Structures are given as structure tokens and as C-alpha cells.
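Me: Hey, could you walk me through a few pieces of this one?

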Amino acid sequence: MATRKARRKKKKKWLWISLAVVLLIAGGGSAYLYSIYHNVRTTVDEEIHKGISGIDREVTKKKVEGQEPINVLLLGVDERENDKGRSDTMIVMTLDPANDRMQMVSIPRDTRTEIAGRGVDDKINHAYAFGGSDMSVNTVENFLDISLDYYVRMNMEGLSQMVDTVGGITVNNDFAFSQGGYNFSKGQIELGGKEALAWVRMRYNDPQGDAGRNERQRQVIQGVIDKGSNINIVNNIGSVMDVLGENVATNMRFEDMRNLAMNYRDARKNMETYQMTGRGIRINNIYYLQVPDSEVQKTHDMIKEYSS
């Protein structure tokens, strides 16, 4: 039986692979990274892969092999001690390799919708708490009437550490505020890992509410991708693996990652973002965001336009 240390080492290798896919989509070189993939293929495919029942692997595999557009659900989960966590960030990322473009649509965490598999209406981010990544995927598919091909889940604490690993990031702050013991001035600012996490988590003093928070989350994710694509990943593998630890999961296999790395990385050349909107309501003294059917249809059409 493998030792705990050996299992952890293998898991870290897989977690590095997950990050590398994102970095390659962002524009990092693929040749030397592929050699790393080759060495960990067995670990990824036989021991670490985390599939979910809500996604048909064979359908997705054909789409990737044919270089068709794909939809990826990005879940930013704020897991804390003794708490399974909720998906504070839910972004549908569509990659269109034929037109070298990508789209990131943010779904507000308080959106009221039916939780797939439970038959009740609740906040969409509760799907993760009830049924993990599988229920999150099914709920988003049902909400937007789309098909998802992959999911990537990352704990926000891990994203914070990744900011430090790439040497910090630059973001644009719309207004001055204080959060978590840090003061953030208006304009372009530099953030370390802990600062980035505090910057992302501020919500209640933002005039845009959840929409403002989601925009900051997108900026941090994009900042890590941009900075990561411009550093020597080979010299930072140890640090990257140490940071990721237990923080990332995905249903991608080695073969999927290789195909994405080779055929989808130029999609970041033209990126568009969209934030879904709605009206705040209270039901039984609980706050929800009621997204009108017209907004859901608009978002559905946007995703379909990119993925058709």
C-alpha cells in the first residue's frame, strides 16, 4: 500500500497538471510542459482523475478532438475549517478555438434557482454544499439550459497562495476601500496573496454587491493566468505543487489536458466577460437574487453563440 507521503506527492503532480492546462490556455509554451505531462500520465489517469456522472466523457472527448467549442465550469470554493464550503465563484468559461476567443460568464452566488436533484429552489451556490461538484454542474446546466464539458474546482485559499507563487498580480480597483486589515486605493494596484484574498472577499460595501465581487474574482484569476504564462514554470514546479496541495479538482484526464494545451490555448487572445444581473428579494427573511427569465435566456444565447 502506498504511503501517505507517496500518495500526496502523486496528488500534487496531478494538481500541477490542472493548473498547467489553464496556463497553456492562457498562452504558455506547450513543448516543455508536455514532457512533464508524459511522466505523470499514469498517475493522472489511474489514480487522481475525479469524474462526475453529470458529464458524458465520450461526448466531450469527441468535441475536444474535433476542436469544437467547449464549456468549462469554474468553481471557486471558500472552504474553511469544519465546513464543506459553498461555491462563492461560479463562472461558465466558453473556449472557441476556431475563432481564437473565450467568454467568461459569472453567475451570482445568491441566484435563486432549482437545485438539481433536490427539487427545491435555493441559492445556486448551495448546490456545492448539498452535492459537491456533480450537483453544481447539474444545477448550472439546468439553470442555463446548456451542456458543460469540464469543471475545475479550486479553493480560494489556494488561489491566494498561487498569487504569491507567481510573484503577485496587478489589478484595477474601481474605488478605495478597506478589508481584512488592508487598505486598497483606487486605480491600478499590486496585490500579494493575502491581499488578493481580502480584495476578493469584500462584498457588502461594494455598490455593485455580488457583481462587484465577481468582477474582482475574475481579475484575480486572469491576473494569475497572465502572470503565470510569463514566468518560467519549470523553475517553479515545486512551488506550484506545494501551493495547490488539496486545493484543485477536475474531471479532465491526461489526454484531455494535452489536447486543450495544443489546440485551445490561443482562445485567450480575445476574451469577453459578462455578469448576470437580477433583483434582490427576501423570502422568509433570506436574501436571494431573482434573475428574470429574459436575463437567463440572454445568457443562454450568449453561451450558445460562442459554442455553436
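**Hairpin and helix contacts**

Reply: E13 and E14 make a hairpin with 2 residues between them, and Asn284 in the turn has a positive phi of about 55 degrees. This is a predicted model, where local features need pLDDT of at least 70, side-chain atom pairs count only at pLDDT 80 or more, and totals for chains, interfaces and linings use all residues. Residues are numbered from 1 along each chain as its sequence is written, and side-chain values use heavy atoms, leaving out hydrogens and water.

Me: In what sense do E13 and E14 pair?

Reply: Antiparallel, over 5 bridges, with E13 at residues 279-283 and E14 at residues 286-290. Pairing takes at least two DSSP bridges; strands (E, at least two residues) and helices (H or I, at least four) are DSSP runs numbered from the N terminus.

Me: What stands opposite Arg279?

Reply: Gln290 in E14.

Me: Switching to helices: at what angle do H5 and H6 cross?

Reply: Roughly 135 degrees, with the axes of H5 (residues 156-165) and H6 (residues 193-201) coming within 7 Å. The axes are lines fitted to C-alpha atoms over the stretch in contact, and angles run from 0 to 180 degrees between N-to-C directions. That makes H5 oblique to H6 (under 35 is roughly parallel, over 145 roughly antiparallel, 65 to 115 roughly perpendicular, the rest oblique).

Me: And which residues of H5 meet H6?

Reply: Met156, Glu157, Ser160, Val163 and Asp164, where contact means heavy atoms within 4.5 Å. Their partners in H6 include Leu197 and Arg201.
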